[in-house]
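Biologist: Could you take me through one part of this model in some detail? I'd like to see how a single element sits among its surroundings.

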Amino acid sequence: MSKVKVAINGFGTIGKRVADAVQMQKDMEIVGVSKTKPNFEAFTALNKGYSVYAPIDKIKDMEKGGINTSGSIEDMVQVADIVVDCTPGGMGEKNKALYEKAGVKAIWQGGEEHELAGFSFNATANYEEALGLDFARVVSCNTTGLCRVIYPLDQEFGIKKVRVTLIRRAADPNDVKKGPINAIVPSPIKLPSHHGPDVKSVIPHINITSTAIVTSTTLMHLHSLNIEMNNQCTTDDVVDLFAAQSRIRFVGQGITSTAEIMELGKDLDRPRGDMWENCIWDKSITVDEGELYFFQAIHQESDVIPENVDAIRAMMELESNGARSIEKTNKAIGL
(Lines give C-alpha, C1' and ligand atoms only; values in the text may rest on other atoms or scores of the structure.)
Protein backbone atom coordinates (compact mmCIF):
# COMPACT_ATOMS: atom_id res chain seq x y z
CA MET A 1 0.00 0.00 0.00
CA SER A 2 1.40 3.38 -0.96
CA LYS A 3 1.86 5.88 1.83
CA VAL A 4 -0.37 8.95 2.15
CA LYS A 5 1.53 12.07 1.18
CA VAL A 6 1.34 14.73 3.91
CA ALA A 7 2.42 18.37 3.65
CA ILE A 8 2.95 20.60 6.69
CA ASN A 9 2.11 24.24 6.07
CA GLY A 10 3.97 26.00 8.88
CA PHE A 11 7.01 24.31 10.45
CA GLY A 12 6.84 25.92 13.89
CA THR A 13 6.04 24.67 17.39
CA ILE A 14 3.22 22.35 16.27
CA GLY A 15 4.19 21.81 12.65
CA LYS A 16 7.67 20.43 13.32
CA ARG A 17 6.28 18.01 15.89
CA VAL A 18 3.50 16.83 13.56
CA ALA A 19 6.05 16.34 10.77
CA ASP A 20 8.27 14.12 12.91
CA ALA A 21 5.29 12.12 14.21
CA VAL A 22 3.91 11.58 10.68
CA GLN A 23 7.31 10.46 9.43
CA MET A 24 7.32 7.73 12.11
CA GLN A 25 4.05 6.21 10.82
CA LYS A 26 4.07 3.22 8.47
CA ASP A 27 1.14 4.45 6.39
CA MET A 28 2.07 8.11 5.75
CA GLU A 29 5.05 10.27 4.84
CA ILE A 30 6.05 13.94 4.72
CA VAL A 31 6.42 15.35 1.20
CA GLY A 32 7.18 18.93 2.22
CA VAL A 33 7.10 21.56 4.92
CA SER A 34 6.81 25.32 4.57
CA LYS A 35 8.75 28.18 6.14
CA THR A 36 8.64 31.93 5.55
CA LYS A 37 12.10 32.77 6.97
CA PRO A 38 15.53 31.12 6.70
CA ASN A 39 15.74 30.59 10.46
CA PHE A 40 17.04 27.69 12.55
CA GLU A 41 13.81 25.73 12.08
CA ALA A 42 14.19 25.90 8.29
CA PHE A 43 17.75 24.58 8.53
CA THR A 44 16.57 21.88 10.93
CA ALA A 45 13.95 20.78 8.40
CA LEU A 46 16.58 20.49 5.67
CA ASN A 47 18.94 18.60 7.96
CA LYS A 48 16.14 16.11 8.68
CA GLY A 49 15.69 15.53 4.97
CA TYR A 50 12.39 17.38 4.54
CA SER A 51 11.73 19.31 1.34
CA VAL A 52 11.28 22.96 2.28
CA TYR A 53 8.82 25.20 0.44
CA ALA A 54 8.08 28.91 0.87
CA PRO A 55 5.58 31.57 -0.19
CA ILE A 56 6.46 32.53 -3.74
CA ASP A 57 7.44 36.06 -2.70
CA LYS A 58 9.78 34.71 0.00
CA ILE A 59 11.73 32.19 -2.09
CA LYS A 60 14.51 34.63 -3.01
CA ASP A 61 14.97 35.62 0.64
CA MET A 62 15.12 31.97 1.62
CA GLU A 63 17.74 31.25 -1.04
CA LYS A 64 19.82 34.26 0.07
CA GLY A 65 19.64 32.95 3.62
CA GLY A 66 21.06 29.59 2.57
CA ILE A 67 17.84 27.58 2.27
CA ASN A 68 17.45 25.75 -1.03
CA THR A 69 13.70 25.53 -1.46
CA SER A 70 11.81 22.95 -3.48
CA GLY A 71 9.35 25.54 -4.75
CA SER A 72 6.35 27.54 -3.60
CA ILE A 73 3.66 26.53 -1.12
CA GLU A 74 1.36 26.09 -4.12
CA ASP A 75 3.87 23.57 -5.50
CA MET A 76 3.95 21.75 -2.16
CA VAL A 77 0.17 21.46 -1.99
CA GLN A 78 0.10 19.96 -5.49
CA VAL A 79 2.23 16.97 -4.45
CA ALA A 80 0.25 16.26 -1.25
CA ASP A 81 -2.82 14.16 -0.54
CA ILE A 82 -3.53 16.11 2.65
CA VAL A 83 -2.17 19.30 4.22
CA VAL A 84 -1.81 19.88 7.95
CA ASP A 85 -2.08 23.65 8.38
CA CYS A 86 0.03 24.73 11.36
CA THR A 87 0.25 28.40 10.44
CA PRO A 88 -0.44 31.05 13.12
CA GLY A 89 -4.07 31.46 14.21
CA GLY A 90 -6.09 33.35 11.59
CA MET A 91 -3.75 32.48 8.74
CA GLY A 92 -5.34 29.11 8.13
CA GLU A 93 -8.59 30.69 7.00
CA LYS A 94 -6.73 32.49 4.23
CA ASN A 95 -5.24 29.22 3.03
CA LYS A 96 -8.53 27.36 2.58
CA ALA A 97 -9.05 28.60 -0.97
CA LEU A 98 -5.62 27.25 -1.92
CA TYR A 99 -6.49 23.79 -0.64
CA GLU A 100 -9.89 23.82 -2.31
CA LYS A 101 -8.36 24.87 -5.63
CA ALA A 102 -5.78 22.07 -5.43
CA GLY A 103 -8.41 19.52 -4.42
CA VAL A 104 -6.51 18.35 -1.33
CA LYS A 105 -7.82 17.55 2.11
CA ALA A 106 -6.77 19.85 4.97
CA ILE A 107 -6.50 19.84 8.75
CA TRP A 108 -6.39 23.06 10.79
CA GLN A 109 -5.39 23.64 14.40
CA GLY A 110 -7.37 24.96 17.36
CA GLY A 111 -6.37 28.56 16.67
CA GLU A 112 -8.93 28.59 13.87
CA GLU A 113 -12.70 28.73 14.33
CA HIS A 114 -14.82 25.57 14.22
CA GLU A 115 -16.81 26.98 11.29
CA LEU A 116 -13.74 27.02 9.01
CA ALA A 117 -13.68 23.23 8.71
CA GLY A 118 -17.19 22.50 9.97
CA PHE A 119 -15.83 19.58 12.02
CA SER A 120 -13.74 19.60 15.20
CA PHE A 121 -11.74 16.44 15.87
CA ASN A 122 -10.68 14.47 18.90
CA ALA A 123 -9.48 10.89 18.40
CA THR A 124 -11.10 9.56 21.58
CA ALA A 125 -14.46 11.26 21.11
CA ASN A 126 -15.35 11.34 17.42
CA TYR A 127 -12.78 9.54 15.24
CA GLU A 128 -15.34 7.60 13.21
CA GLU A 129 -17.26 10.77 12.34
CA ALA A 130 -14.13 12.10 10.57
CA LEU A 131 -13.83 9.17 8.15
CA GLY A 132 -13.41 10.49 4.60
CA LEU A 133 -13.88 14.16 5.43
CA ASP A 134 -12.17 16.78 3.28
CA PHE A 135 -11.67 19.30 6.08
CA ALA A 136 -11.27 19.02 9.85
CA ARG A 137 -9.94 21.04 12.76
CA VAL A 138 -7.95 19.47 15.57
CA VAL A 139 -9.08 21.31 18.68
CA SER A 140 -6.64 23.21 20.89
CA CYS A 141 -4.30 21.66 23.44
CA ASN A 142 -6.62 22.53 26.34
CA THR A 143 -9.74 21.32 24.55
CA THR A 144 -7.96 18.12 23.53
CA GLY A 145 -7.04 17.50 27.16
CA LEU A 146 -10.58 18.17 28.33
CA CYS A 147 -12.16 15.89 25.71
CA ARG A 148 -9.83 13.05 26.69
CA VAL A 149 -11.23 12.97 30.22
CA ILE A 150 -14.80 14.19 29.67
CA TYR A 151 -15.72 11.73 26.91
CA PRO A 152 -14.87 8.48 28.78
CA LEU A 153 -16.42 9.82 31.98
CA ASP A 154 -19.62 10.63 30.11
CA GLN A 155 -19.67 7.25 28.38
CA GLU A 156 -19.15 5.38 31.65
CA PHE A 157 -21.10 7.40 34.22
CA GLY A 158 -22.97 10.19 32.41
CA ILE A 159 -22.13 13.83 33.06
CA LYS A 160 -24.54 16.39 34.43
CA LYS A 161 -22.26 19.41 34.57
CA VAL A 162 -18.57 20.26 34.05
CA ARG A 163 -16.87 23.23 35.65
CA VAL A 164 -13.25 23.81 34.75
CA THR A 165 -10.75 26.49 35.67
CA LEU A 166 -7.75 26.68 33.39
CA ILE A 167 -4.50 28.10 34.71
CA ARG A 168 -2.75 28.79 31.44
CA ARG A 169 0.87 29.28 30.54
CA ALA A 170 1.55 32.78 29.21
CA ALA A 171 3.79 31.82 26.29
CA ASP A 172 5.69 28.86 24.89
CA PRO A 173 9.27 28.44 26.15
CA ASN A 174 10.76 29.72 22.87
CA ASP A 175 8.41 32.72 22.59
CA VAL A 176 10.25 35.93 23.46
CA LYS A 177 7.88 38.37 21.77
CA LYS A 178 5.81 39.02 24.90
CA GLY A 179 8.76 40.07 27.02
CA PRO A 180 9.05 39.74 30.81
CA ILE A 181 5.91 38.58 32.57
CA ASN A 182 5.05 39.41 36.18
CA ALA A 183 1.30 39.14 36.57
CA ILE A 184 -1.72 36.85 36.84
CA VAL A 185 -4.31 37.88 34.27
CA PRO A 186 -7.97 36.79 34.00
CA SER A 187 -8.16 35.91 30.31
CA PRO A 188 -10.84 36.45 29.24
CA ILE A 189 -12.47 38.77 31.76
CA LYS A 190 -15.87 38.13 30.17
CA LEU A 191 -16.97 34.58 30.92
CA PRO A 192 -17.01 31.85 29.85
CA SER A 193 -13.66 31.26 28.18
CA HIS A 194 -13.69 29.69 24.71
CA HIS A 195 -12.69 26.27 26.01
CA GLY A 196 -16.16 25.16 27.15
CA PRO A 197 -17.85 26.01 23.84
CA ASP A 198 -14.90 24.36 22.07
CA VAL A 199 -15.51 21.11 23.96
CA LYS A 200 -19.16 21.30 22.83
CA SER A 201 -17.97 21.49 19.21
CA VAL A 202 -16.67 17.93 19.74
CA ILE A 203 -19.16 16.59 22.34
CA PRO A 204 -22.26 18.75 21.72
CA HIS A 205 -24.47 17.55 24.59
CA ILE A 206 -21.98 18.23 27.41
CA ASN A 207 -22.99 20.96 29.87
CA ILE A 208 -19.71 22.76 30.55
CA THR A 209 -18.61 26.14 31.86
CA SER A 210 -14.99 27.27 31.70
CA THR A 211 -12.91 30.10 33.09
CA ALA A 212 -9.25 30.82 32.44
CA ILE A 213 -6.36 32.82 33.82
CA VAL A 214 -2.86 33.37 32.43
CA THR A 215 0.11 32.96 34.76
CA SER A 216 3.81 33.72 34.50
CA THR A 217 4.99 30.31 33.32
CA THR A 218 5.89 28.77 29.96
CA LEU A 219 5.88 25.07 30.83
CA MET A 220 2.32 23.70 30.82
CA HIS A 221 -1.34 24.48 31.42
CA LEU A 222 -3.05 23.27 34.60
CA HIS A 223 -6.76 22.37 34.80
CA SER A 224 -8.83 22.20 37.96
CA LEU A 225 -11.96 20.18 37.18
CA ASN A 226 -15.22 19.74 39.06
CA ILE A 227 -17.69 17.37 37.38
CA GLU A 228 -21.20 16.45 38.51
CA MET A 229 -21.98 12.86 37.54
CA ASN A 230 -25.38 11.45 36.61
CA ASN A 231 -24.66 7.97 37.93
CA GLN A 232 -23.02 6.99 41.19
CA CYS A 233 -19.32 6.19 41.08
CA THR A 234 -16.40 6.05 43.47
CA THR A 235 -12.93 7.51 43.41
CA ASP A 236 -11.57 4.06 42.58
CA ASP A 237 -13.99 3.77 39.64
CA VAL A 238 -12.64 6.97 38.13
CA VAL A 239 -9.02 5.97 38.78
CA ASP A 240 -9.62 2.65 36.99
CA LEU A 241 -11.32 4.38 34.06
CA PHE A 242 -8.51 6.90 33.59
CA ALA A 243 -5.86 4.20 33.99
CA ALA A 244 -7.36 2.42 30.97
CA GLN A 245 -6.94 5.49 28.71
CA SER A 246 -3.69 5.34 26.72
CA ARG A 247 -3.36 9.11 26.49
CA ILE A 248 -3.71 9.73 30.21
CA ARG A 249 -0.66 9.41 32.47
CA PHE A 250 -0.83 9.42 36.25
CA VAL A 251 1.87 11.50 37.90
CA GLY A 252 3.06 10.95 41.43
CA GLN A 253 6.36 9.63 42.79
CA GLY A 254 7.23 13.01 44.23
CA ILE A 255 6.00 15.03 41.26
CA THR A 256 4.30 18.10 42.72
CA SER A 257 4.57 20.61 39.85
CA THR A 258 4.49 21.11 36.10
CA ALA A 259 8.25 21.72 36.17
CA GLU A 260 8.84 18.19 37.41
CA ILE A 261 6.49 16.75 34.79
CA MET A 262 8.54 18.38 32.04
CA GLU A 263 11.70 17.01 33.64
CA LEU A 264 10.08 13.56 33.51
CA GLY A 265 9.56 14.01 29.77
CA LYS A 266 13.30 14.57 29.37
CA ASP A 267 14.16 11.63 31.61
CA LEU A 268 11.94 9.40 29.46
CA ASP A 269 14.01 10.48 26.43
CA ARG A 270 10.91 11.87 24.77
CA PRO A 271 11.55 13.92 21.58
CA ARG A 272 12.00 17.53 22.75
CA GLY A 273 10.96 16.33 26.23
CA ASP A 274 7.33 16.25 25.05
CA MET A 275 4.48 14.92 27.17
CA TRP A 276 1.71 13.89 24.76
CA GLU A 277 -0.60 12.60 27.50
CA ASN A 278 -2.88 14.35 29.96
CA CYS A 279 -0.86 14.28 33.18
CA ILE A 280 -3.27 13.70 36.08
CA TRP A 281 -2.30 13.64 39.72
CA ASP A 282 -4.05 10.41 40.68
CA LYS A 283 -3.97 11.45 44.34
CA SER A 284 -6.10 14.47 43.40
CA ILE A 285 -8.94 12.34 42.04
CA THR A 286 -11.77 12.65 44.56
CA VAL A 287 -15.48 11.84 44.37
CA ASP A 288 -17.51 13.62 47.04
CA GLU A 289 -21.33 13.63 47.15
CA GLY A 290 -21.60 12.74 43.48
CA GLU A 291 -19.04 15.32 42.32
CA LEU A 292 -15.62 14.54 40.89
CA TYR A 293 -12.58 16.73 41.44
CA PHE A 294 -9.05 16.40 40.04
CA PHE A 295 -6.05 18.29 38.65
CA GLN A 296 -4.44 17.67 35.28
CA ALA A 297 -1.50 19.26 33.46
CA ILE A 298 -1.43 19.74 29.68
CA HIS A 299 1.74 20.19 27.64
CA GLN A 300 0.60 22.82 25.16
CA GLU A 301 3.38 22.13 22.65
CA SER A 302 2.67 18.45 22.14
CA ASP A 303 -0.64 16.98 23.31
CA VAL A 304 -2.37 17.64 19.96
CA ILE A 305 0.39 15.91 17.96
CA PRO A 306 -1.01 12.35 18.09
CA GLU A 307 -4.48 13.77 17.40
CA ASN A 308 -3.24 15.27 14.13
CA VAL A 309 -1.86 11.90 13.08
CA ASP A 310 -5.16 10.19 13.87
CA ALA A 311 -7.06 12.89 11.97
CA ILE A 312 -4.97 12.17 8.88
CA ARG A 313 -5.65 8.46 9.22
CA ALA A 314 -9.41 9.01 9.58
CA MET A 315 -9.78 11.52 6.76
CA MET A 316 -7.70 9.37 4.38
CA GLU A 317 -9.65 6.28 5.55
CA LEU A 318 -6.47 4.37 6.36
CA GLU A 319 -8.16 2.93 9.46
CA SER A 320 -11.89 2.77 10.18
CA ASN A 321 -11.59 2.18 13.93
CA GLY A 322 -10.51 4.99 16.23
CA ALA A 323 -9.06 2.74 18.93
CA ARG A 324 -6.88 0.94 16.40
CA SER A 325 -5.64 4.24 14.96
CA ILE A 326 -4.77 5.52 18.43
CA GLU A 327 -2.86 2.29 19.07
CA LYS A 328 -0.93 2.62 15.80
CA THR A 329 -0.06 6.25 16.42
CA ASN A 330 0.99 5.67 20.01
CA LYS A 331 3.20 2.71 19.11
CA ALA A 332 4.93 4.59 16.30
CA ILE A 333 5.83 7.65 18.36
CA GLY A 334 6.64 5.74 21.55
CA LEU A 335 3.71 6.84 23.70
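**A close look at helix H1**

Modeller: Happy to! With three residues, H1 gives the most to the lining of the largest cavity. Please keep in mind that this is a predicted model. The residues around the largest cavity are Arg17, Asp20, Ala21, Met24, Pro271, Arg272, Asp274, Trp276, Ile305 and Ile333. The space inside the largest cavity comes to about 70 Å³, and the structure holds one cavity of 30 Å³ or more.

Now to the helix itself. Ten of the eleven residues of H1 are buried, so the helix is largely enclosed by the rest of the structure. Buried here means under 20% relative accessible area. The buried set runs through Thr13, Ile14, Gly15, Lys16, Arg17, Val18, Ala19, Asp20, Ala21 and Val22. As a reminder, an α-helix has 3.6 residues a turn, so residues three or four places apart point the same way.

What do these buried residues pack against? Their partners are the strands S1, S2 and S4 together with helix H2 (40-47), helix H12 (305-315) and helix H13 (322-333).

The strands in that list bring us to the sheet. It is an open sheet of seven strands, paired in parallel, and its order reads S3-S2-S1-S4-S5-S7-S6. Strand S3 (52-53) and strand S6 (120-121) stand at the edges with a single partner strand each, so one side of each has no neighbour in the sheet. For S3, the pairing with strand S2 (residues 28-34) is parallel and spans two bridges. Within S3, tyrosine 53 stands opposite serine 34. Helix H1 (residues 13-23) packs on this sheet, where it touches strand S1 (4-9), S2 and strand S4 (82-85), and its direction makes about 155° with that of S2. Helix H5 (residues 91-102) packs on the sheet too, touching S1, S4, strand S5 (105-108) and strand S7 (135-138), with its direction at about 170° to that of S5.

To finish, a word on the cysteines elsewhere in the model. How many disulfides does the structure hold? The count is zero. Cysteine 233 is in no disulfide, and the nearest cysteine sulfur, belonging to cysteine 147, is 19 Å away. Cysteine 233 counts as buried, at 9% relative accessibility. Cysteine 279 is likewise in no disulfide, with the sulfur of cysteine 141 as the nearest cysteine sulfur, 13 Å away. Cysteine 279 counts as buried as well, at 0% relative accessibility.

Notes:
Residues numbered from 1 in each chain as written. Predicted model: local features only at pLDDT ≥ 70, side-chain atom pairs only at ≥ 80, totals over all residues. Heavy atoms only, no water. Pairing = 2+ DSSP bridges. Helix = DSSP H or I, 4+ residues; strand = E, 2+ residues; numbered from the N terminus. Contact = heavy atoms within 4.5 Å. Axes fitted to C-alpha atoms, helices over the stretch in contact; angles between N-to-C directions. Disulfide = S-S within 2.5 Å. Buried < 20%, exposed > 50% of the residue type's maximum accessible area, 1.4 Å probe, protein only. 1 Å grid on protein atoms, 1.4 Å probe; cavity = no way out; pocket = protein on both sides within 12 Å on 5 of 7 lines; lining within 4 Å. Points joined across faces, edges and corners; volume = space filled by probe spheres on them.
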